[in-house]
Amino acid sequence: MRDRLLTGLIGYPIAHSAAPAMHERAAAALGVHCHYHLIEVKGAGRDDLRAMLDGIRRLGFAGVNVTFPYKEAVVDLADDLTPDARAIGAVNTIVVNGARLVGHNTDATGFARAIGPLLAATPHGPIALIDDAVPVIVIAPSGPLFEKTVSNMQEVQARGGKVILISDY
């Protein structure tokens, strides 16, 4: 593990973000010096984002987080995507791996970890969170209702909807 990290956040507006303090303190607790730089750029187009990501790669960043409004815009600019980022169609973390930028999306797994204990305590089975503006997120632990949940997901997809399955968390 490196003992010094350069990281950051790309987005707009982000001047209010608590991320620098949070990440720098977490790194310090691990004995690592981390500088978390806010990269706040309003109205960045594809060429602007490409230039920022090239800078991330060249300046020695370990990686950056990406937030509104650029999570979807950077998908095509990463050299590689994790399966979650590809499935969701958005990137919230870019890790510099050698000369390659690898796009990740930790939204679904983070959400599943946060809500997992609540779901474990309920006897109601799978839960679907539905909003017209975002993909359907289905949280479905393995069990007797799983096959019905998958069937319902396939119906949503057949109508052109996007479904993200979180299972066995």
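This is a predicted model: local features need pLDDT of at least 70, side-chain atom pairs count only at pLDDT 80 or more; totals for chains, interfaces and linings use all residues.
Me: What volume are we talking about for the second largest pocket?
Reply: About 270 Å³.

Me: Which strands supply the lining there?
Reply: At least two residues each come from β1 (4–11), β2 (33–40), β3 (63–66) and β5 (93–97). The top contributor to the lining is β5, with four residues.

Me: OK, stepping back. How many helices and strands does the protein have?
Reply: Five helices and nine strands. Going along the sequence, they come in the pattern β-α-β-α-β-β-α-β-β-α-β-β-α-β.

Me: What share of the protein counts as buried?
Reply: 35% of the 169 residues. As for the accessible surface, the total is about 10200 Å², and carbon and sulfur atoms account for 57% of it.

Me: And contacts across the sequence, what percentage join residues at least 24 apart?
Reply: 59%, taken among contacts between residues at least 6 apart in sequence.

Me: Now the inside. Which residues have the most contacts within the largest nonpolar core?
Reply: Ile10, Leu49, Leu53, Val64, Val74 and Ile94, in a core of 21 residues. Three elements that each supply at least two residues of this core are α2 (46–58), β3 and β5. The helix α2 gives the most to the core, with four residues.

Me: What does Leu49 touch, leaving aside neighbours within four places in sequence?
Reply: Leu49 is in contact with Ile10, Ala44, Tyr70, Ala73, Val74 and Leu77.

Me: Let's switch to loops. Where does Val91 sit?
Reply: In the loop between α3 and β5.

Me: Why does Val91 count as buried?
Reply: Because its relative accessibility is 0%, and buried means under 20%.

Me: What is packed against Val91, neighbours within four places aside?
Reply: Val91 is in contact with Val66, Lys71, Val74, Val75, Leu81, Ala85, Gly103, His104 and Asn105. There's also a C-alpha separation of 9.3 Å between Val91 and Val102, which are eleven residues apart along the chain.

Me: What about Thr82, which loop is that in?
Reply: The one between β4 (80–81) and α3 (83–88).

Me: Is Thr82 buried or exposed?
Reply: Thr82 is buried, because its relative accessible area is 17% and the cut-off for buried is under 20%. Not counting residues up to four places away in sequence, Thr82 touches Val102, Gly103, His104 and Asn105. Gly103, His104 and Asn105 also turn up among the contacts of Val91.

Me: And Gly98, buried or exposed?
Reply: Exposed, since Gly98 has a relative accessible area of 63% and the line for exposed is over 50%. Gly98 is in the loop between β5 and β6 (100–104).

Me: How far is the C-alpha of Gly98 from that of Arg57?
Reply: 8.5 Å, with the two residues 41 apart along the chain.

Me: Last topic, the backbone. Which residues does a cis peptide bond join, with omega about -10 degrees?
Reply: Tyr12 and Pro13. Pro13 lies in the loop between β1 and α1 (19–29). Another cis peptide bond joins Phe68 and Pro69, with omega about 5 degrees. Pro69 is in the loop between β3 and β4.

Me: What's the general rule for peptide bonds?
Reply: Most peptide bonds are trans.

Methods: Residues are numbered from 1 along each chain as its sequence is written. Side-chain values use heavy atoms; hydrogens and water are left out. On a 1 Å grid over the protein atoms alone, a cavity is a set of points where a 1.4 Å probe fits but cannot get out, and a pocket is an open set with protein on both sides within 12 Å along at least five of seven lines; lining residues have an atom within 4 Å of a point. Grid points are joined across faces, edges and corners, and a volume is the space filled by probe spheres set on the points. Buried means under 20% relative accessible area, exposed over 50%, partly exposed in between (1.4 Å probe, protein chains only). Contact means heavy atoms within 4.5 Å. Accessible areas come from the Shrake-Rupley method with a 1.4 Å probe; for residues, only the protein chains shown count as cover. A nonpolar core is a set of buried Ala, Val, Leu, Ile, Met, Phe, Trp, Tyr and Cys residues joined through side-chain atoms within 4.5 Å.
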